[in-house]
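Please have the sequence and the model open while reading.

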Amino acid sequence: NAEDFEKQIRNLILSSKLESVLMASVDFTEDEVAKFTDYMTENFAVREAYFKAQDYYDTIEISDEELRQRFESERWRFVNKPRLTAVAVQLKFTDPARIAAAEAVVDDAMVQAFYQANQGRFMDYDTNLLKPFAEVKEIARELCINQTVTRQAAEELWQFSAKIEPLLGVEDPVKRLATFVAVAAENGLSAIETGEFEEGARSTGSIADPLVAQEVAKRTLSSPLTEVITGRDGAYVAALLSYQPETPGVFEEKKGDVRKLCLEEAGVAAARQAAAGVQEKLELLSPDEFVAALDLPANKFGAAAIARRSVFMYWPYGRELSAMIPGELSPVLDTVDGAMLRYVVSRHPATAEEKSQENFLMEYMLRNRKFAASQAALEIYLQQNGCFPPNQGPGR
């Protein structure tokens, strides 16, 4: 309803202002930036060997009896999930007519108010100062228009919801669908049928936005209509049409799923065992033999990859890399689909030219780290003083 929407907007404005205050409080010295840059731009050259479960599937044999035993012992894993059907209406945020309507109502005063309420979006991070309104006015106008498009679409769908909700009490999904389609047409909207989809699915099939599938799954046949859903590319209102409860699985129907699960688990175990065998053999070799053995195809080590620490932070086990020295082989590192081994060829500081190219990024990363620390400290303070329950601080 309108009251809830206004409350959400107030909370967004307060959160944005709080974020701006915290961001403005973040400060650091040139020495801090230099040390952080030295740390994050250190270059590593590594070789990695991946042992993937799928490479060992051909060596695994699983009998039908083993599959049946697994199925019987974990029937809960192989049930047929509830299935739903729904119908929805959508208002696209990219509709030219909708954008034009928003542009017609957004004036300079609204843009100025948006700028004041969202100062965190308009900071100059080189100077740690708010950019002048005149400098960012057009950007602020565009963002304000986008916000207005979203608000107007939500308001239009709230009005539609108020009309349709009292009419959806019928249990017959065919009649419910006909009612929804008719009221949508009366309001100049086109109804979208979802087709059947599983509870927990990422989309309904005809509607890709995962929020729609999630919200429909929360509804019941006695209360089928969702709230207005603000998605990635539009606003939606959906109604649950039918719900087929969870049913027990039958072995012959689920046999393929059981085999896939058993094969994946056995493959992962085989891959990790193979990695452990390679690691053990390499550790027993002399330094010269060790380096030569890295090139043997059976050991799977790829060519040396060179990247900075800031890149490796996003690699599997990137943080563990910091503790390794040149010439060191890692222990077996478990991955989602098997295992890996890592060998550090070399590590050395970045050149002055390389550092200069990363200077802006390093300042940005350091500022965000300090901002996160300030935000965490504020949340702890507020929780300790009874302002928020645990895990419900600002921004949560």
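Which residues are buried in α12? They are E358, M362, E363, M365, L366, R367, F371, E379 and L382, where buried means under 20% relative accessible area, exposed over 50% and partly exposed in between, with a 1.4 Å probe and protein chains only. The model is predicted: local features need pLDDT of at least 70 and side-chain atom pairs count only at pLDDT 80 or more, while totals for chains, interfaces and linings use all residues. Residues are numbered from 1 along each chain as its sequence is written, and side-chain values use heavy atoms, with hydrogens and water left out.

**Helix α12**

- Helix α12 covers residues 352-384, 33 residues in total; helices are DSSP runs of H or I with at least four residues, numbered from the N terminus.
- From its first C-alpha to its last, α12 reaches 45 Å, close to the 48 Å expected at 1.5 Å a residue; the expected span is 1.5 Å times one less than the number of residues.
- At E358, α12 bends by about 55°, the bend being the angle between axes fitted to the seven residues ending there and the seven starting there.
- E358 is also one of the buried residues of α12.

**Salt bridges: overall**

- The whole structure holds 23 salt bridges, each defined as a side-chain nitrogen of Lys or Arg within 4 Å of a carboxyl oxygen of Asp or Glu.
- Side chains of opposite charge can pair when their charged atoms come close.
- One network of salt bridges links R70, E74, R77 and E265.

**A pair within one helix**

- D31 and K35 form a salt bridge with an N to O distance of 3.4 Å.
- Both residues lie in helix α2 (residues 30-40), and because they are 4 residues apart there, about one helical turn separates them.
- D31 is partly exposed at 46% relative accessible area, and K35 is exposed at 56%.

**Pairs between helices**

- R68 and E252 form a salt bridge at 3.7 Å, N to O.
- R68 is in helix α3 (residues 64-73) and E252 in helix α9 (residues 251-283), so this pair ties together parts 184 residues apart in sequence.
- R68 is partly exposed, at 35% relative accessible area, whereas E252 is exposed, at 55%.
- R141 and D108 form a salt bridge at 2.5 Å, N to O.
- This pair links distant parts of the chain, with R141 in helix α6 (residues 133-164) and D108 in helix α5 (residues 108-117), 33 residues apart.
- R141 is buried at 19% relative accessibility, while D108 is partly exposed at 42%.

Notes. Helices (H or I, at least four residues) and strands (E, at least two) are DSSP runs, numbered from the N terminus.
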